[in-house]
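This report covers a chain interface, a nonpolar core and some helix geometry. The sequence and structure come next.

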2 protein chains.
Amino acid sequence: MPLQSVSTSLADTLRHRRQRLAQALDVPVILWSGSYSPRNFPANTFPFRASSHFLYLAGLSLPNAAIRLAEGKLELFMDDSLPDSALWHGAMPTAEDIAQSIGADAAFPMAVLESRVANAATIAVQDYPTQLAQAKLLKRAVTQASASSEIDAQLTQAMISLRLTHDQGALAELRQAAAVTVEAHLAGMAATLSAQIEADVRAAMERVIISHNMTCAYNSIVTVHGEVLHNEQYHHQLQPGDLLLADVGAETAMGWAADVTRTWPVSGNFSPTQRDIYQVVLAAHDACIAKVHPHVEYQDIHLLAATTIAEGLVDLGILHGQPEDLVEMDAHALFFPHGVGHLLGLDVHDMEDLGDFAGYEPGRVRSDRFGLNYLRLNRPLHPGMLVTIEPGFYQVPAILHDAERRSKYQGVVDWEHLAQFADVRGIRIEDDVLVTETGSEVLTAALPTAMDEIERVVRETFTTSGLTQLD
Amino acid sequence: MPLQSVSTSLADTLRHRRQRLAQALDVPVILWSGSYSPRNFPANTFPFRASSHFLYLAGLSLPNAAIRLAEGKLELFMDDSLPDSALWHGAMPTAEDIAQSIGADAAFPMAVLESRVANAATIAVQDYPTQLAQAKLLKRAVTQASASSEIDAQLTQAMISLRLTHDQGALAELRQAAAVTVEAHLAGMAATLSAQIEADVRAAMERVIISHNMTCAYNSIVTVHGEVLHNEQYHHQLQPGDLLLADVGAETAMGWAADVTRTWPVSGNFSPTQRDIYQVVLAAHDACIAKVHPHVEYQDIHLLAATTIAEGLVDLGILHGQPEDLVEMDAHALFFPHGVGHLLGLDVHDMEDLGDFAGYEPGRVRSDRFGLNYLRLNRPLHPGMLVTIEPGFYQVPAILHDAERRSKYQGVVDWEHLAQFADVRGIRIEDDVLVTETGSEVLTAALPTAMDEIERVVRETFTTSGLTQLD
C-alpha cells in the first residue's frame, strides 16, 4: 500500500521540492512515472521502478502515472485500477486518495493529460513505450540524455540543480539505505566461511535487503573475480586463498540508494601480498574521504586516489618512478582503471539518465586520457552532495596483457615482481560520503574497512538474519 | 561464461530442434534474442533474459544477437564485444567460438543481418527497441501476440507445435528447476518460525535459488495475504494464526522454469478451520493430478477442480446445493476464481508471449463465464506436455463483498457460516505435472502436500542453506 509510506513530513518535503522547481522554471512540467518492463511475456514483468524524476517530486512509486506542475498546482494523472485488478493485485487506493496523500490539487484519468500538454517541459523516462507516449502527446521527439527542445533542456538543468544536493527528507532515506547496506555486508562476511560459492554470500546479503522491504539498487557484484569490474556471475567456488569482492547496495521503497563495496578474504585471513595491496587501496580510500570538503574539485579527489595508489605501488616495488609522474602518464590506470566515484541519490549513479549533464559541470567534458575517461563526476563539491569514494586495484588481463600498453609502460612496471601478487585479482573499498558544511560524513562508516576488523567479522559465526551470534 | 553450459548432448538437442523446425516450415527464420531493459538509467539494467524462442533454438542467453535458419544452415549474428568491455564484463568468447558451440555454420556481425532478411519469418521479442529493429529490418509490422504476416503466423504455429511437448534436453532442465524449487520451499518452511516478516521467508527461499546459480522465473509471492493472487508485497508481520502462501519458482541459466505453491501455517500448526479448507483444496489437487493423462481435455481437469472444491465446501456447509449445479452457475469461482493451471516450459506461462495461441487449441477462445474466463490452457493433453495443477481457495473482498455477486449467489452461500473460516484468507497448492505415455509424473513430488508433513518441516529447525539440521 503505497499510501502508508507517505508521512506528513514527506508530503511537506515533496511540496517544498515542487516549490523550488517552480521558482527555477516558469513553464508547465509533466513528468511520467514509466511502466513495467516485460521479462519474457507481458504478464511476467520485472519489478516496477518509477522514473527518479517522478519519484523526486511525487514520492510514490506509481506505475503508468504522470504529474503536471503548473502555476503552483500539482495535478496527478492515473487511471483507477480495473475492478478485476483487485483480485490479482489487491484493493488499491483511488487516484483521488493518492492525490491527497502527495498533496496534489486534483486527480484526472490519464486520458485527460492530452488536453494539458501545451508548452510543457518533460524528461524522457527509461521504458521505450512510455517514451513514445511522451513524444506523441508532446508532439516532439523526447529522447534520453539529449533534451531536444529548449524547455526540456531548462527542466533538465533545473532538476539537476535541485537533485545535486539532498534535502533532509532525501537524507533520511539515504541513511536508511546505507544502514541496511552495512547490515547486508556484515551478513555477507559472516556467511562466507560456511559458503560454497559466490551465490551463497550474495544470497545472505540480499536476504538482509529483502527483509527490510528494500530492493537492490543495482545488480549485486559478489565475486572472487574482482578484476571483472561489473561481474554478474555468482557460480564460482570459493577457494581458501581467494579474495571476495562484494559491491551490493540497498534501495528504499521510495527509490533512494546506497552503494558499498568491501573486499574480504574467503578464509578469514588476508595473505601477506593481499595485505600489502589492500593497505594501498585503503590509504587511497582514507585520503580521498579526508579530502571531501565543500568547494574541493571531485576530479582532484580522483587524482589524489591515483597518486596515493601510485605511491603505494612504488613502495611495493610494482611501479618505478615519481608518483606524480606515473599519474601524469596514466600508469596508475593500469591497476585503477575507473573513476574514484560518482553522485549517489535516487539513482546509484545519480541522474545518469541525463548522460553527463549532472555529473559534469557545464562546459566540462570527459577527458580522453586513459586515467580520466571513466570519471563520472567532475564538479566542485557542495554541502548536501552525496558521492561514493571507491578506489580499487585490479589485475585485468585485457589491460595488463595488452601489447601496446605493456610496451608503453615497460619502463615503469616491474612485471616480474608483480607476478608475486597474483592472489590479488581485485580489491575495491567503497563508501557513501556526504559533503557537509565543514567537511564530510561517511554514511556507511559503521562497516569496517580495517583488515583486522574485517577478518574478525568473517571468522565469527553469525546467522545471516539479525546477526545473532550462535556460539 | 555461457560456453560452459553447452554440453555435447545439448548441442545435439539444439540441432534436433532446428531440424524439426525446418521440417515444419520452409521459409527462412530469424529469431532475435532481445536486449537489456534499463531500470532507471541505461547502464543500470534489469538482468538480461533472452527471448524464449531464441533460447529454444540457440540454447545460450546471448544479448543483442540473432539467429537465421535457412536451408538446413544456422547463422549466428552478433557483434564481438568492444575491447573496453573486457574491463567491465570480463573476456567474452568471440562470435566464432559461440557459433561453434551452438552448432552454427557461420557467424556474422549484426550489420550483415540486413542483407539476409528476404522472405524471413520472425516472432516479436518483448523489449520494444529490439521489436522496432525487427520491424525496420523486415520492413513490416512485428508485434507481440498478433502475427501480422502469413509467414510469421506459420512460424508461430510451428514453434508452438515444437514447444508444446518437451524433449529430453528440455526435461533435464525442467527437472533441475523443479528440484531446486522444492529445496527452496523446504527452506522457506524451515525459516518461518524464526521469521518476523514475509520478506524473511522470501529471502530464505530465494537464497536457495541464487545459490544454485538460478534465477526466479517470476516475481515471488510470499504472503500472509494469499487472497491477493499476485501479491508482491513482503513487509507484513507474520502473526501466529496466519497462513503463509508461497508461490516461488526457479529458472535455470538456460531459461527453463518451475512454478510451485505451498501454503503453511506461520505457527507450525494449522487451525481446525484451516485444516478443513486445506483438505478441500488438497482433494482437488490430488483429483486433478490423478486425472492427468494423454488425451484428457485440460478444461475437464479445471472443471474437476471446480467440482471437487464445490463438493468440499458443501460438506463444510459453506455452499448449499449439488456440486455440479454449483459449478454450472460458477459458484465455485467465488472462492476459486482462477484457472487450475497453465503450460510450463521456458516461460512460466509457457508461450504466453503469443497470447492464447499456445494455450488454446486452434478454434477455441476464452469463455466469458466467470468460472472459466481465467483458464489459460484449453487443449487436450499429450505426452511430453508439462502443466501446473494449482487449485486454490481465497476469500477475496472484491468478490465476496460485491453486491451483485452476493445477490446472485444469495441462496447457495451460507455467509454466516463462512465467517467462521475468517482465518483462511488464501490457500493454493501447486505442482508441476508432466504428461507421460501412461499418465503423469509430478516433477515436484518431493515437496510434501500433506498437512502433517508440512507442519513437521515448519516446526523442525533447519538452516536455510543445505537443510542441515541444527539440533
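## Helix H10 of chain A

A helix here is a DSSP run of H or I with at least four residues, numbered from the N terminus. The model is predicted.

Helix H10 of chain A covers residues 298-315, 18 residues in total. From its first C-alpha to its last it reaches 26 Å, close to the 26 Å expected at 1.5 Å a residue. Because 13 of its 18 residues are buried, H10(A) is largely enclosed by the rest of the structure. A:Gly317, which follows H10(A), has a positive phi, near 80°.

## Packing of H7 and H15 in chain A

Helix H7 (residues 168-192) of chain A packs with helix H15 (residues 451-459) of chain A at an angle of about 65°, and their axes are 6 Å apart. H7(A) contributes A:Leu186, A:Met189, A:Ala190 and A:Thr192 to the contact, while H15(A) contributes A:Ile454, A:Val457 and A:Val458. By class, this contact has six nonpolar residues, one polar and no charged.

## Nonpolar core

The largest nonpolar core has 278 residues. Those touching the most other members are A:Leu76, A:Ile309, A:Phe393, B:Leu76, B:Ile309 and B:Phe393.

Neighbours within four places in sequence aside, the contacts of B:Ile309 are B:Val280, B:Ala284, B:His332, B:Phe335, B:Phe336, B:Pro391 and B:Phe393.

## Interface between chains A and B

Contacts between the chains involve 54 residues of chain B and 54 residues of chain A. On the side of chain B that touches chain A, at least two residues each come from strand S2 (38-41) and helices H3 (85-89), H5 (128-138), H8 (198-211) and H12 (397-400) of chain B. H8(B) gives the largest share, nine residues. By class, this side of chain B has 28 nonpolar, 17 polar and nine charged residues.

Note on methods: Residues are numbered from 1 along each chain as its sequence is written. Chains are lettered from A and ligands numbered from 1 in the order in which they are written. This is a predicted model: local features need pLDDT of at least 70, side-chain atom pairs count only at pLDDT 80 or more; totals for chains, interfaces and linings use all residues. Two residues are in contact if their C-beta atoms, placed from the backbone, lie within 7 Å. Ala, Val, Leu, Ile, Met, Phe, Trp, Tyr, Cys and Pro count as nonpolar, Asp, Glu, Lys and Arg as charged, and the others, Gly among them, as polar. A nonpolar core is a set of buried Ala, Val, Leu, Ile, Met, Phe, Trp, Tyr and Cys residues joined through C-beta atoms within 7 Å. A residue is buried if 20 or more other C-beta atoms lie within 10 Å of its own, exposed if 12 or fewer, and partly exposed in between; C-beta atoms are placed from the backbone. The expected span of a helix is 1.5 Å times one less than its number of residues. Axes are lines fitted to C-alpha atoms, for helices over the stretch in contact, and angles run from 0 to 180 degrees between N-to-C directions.
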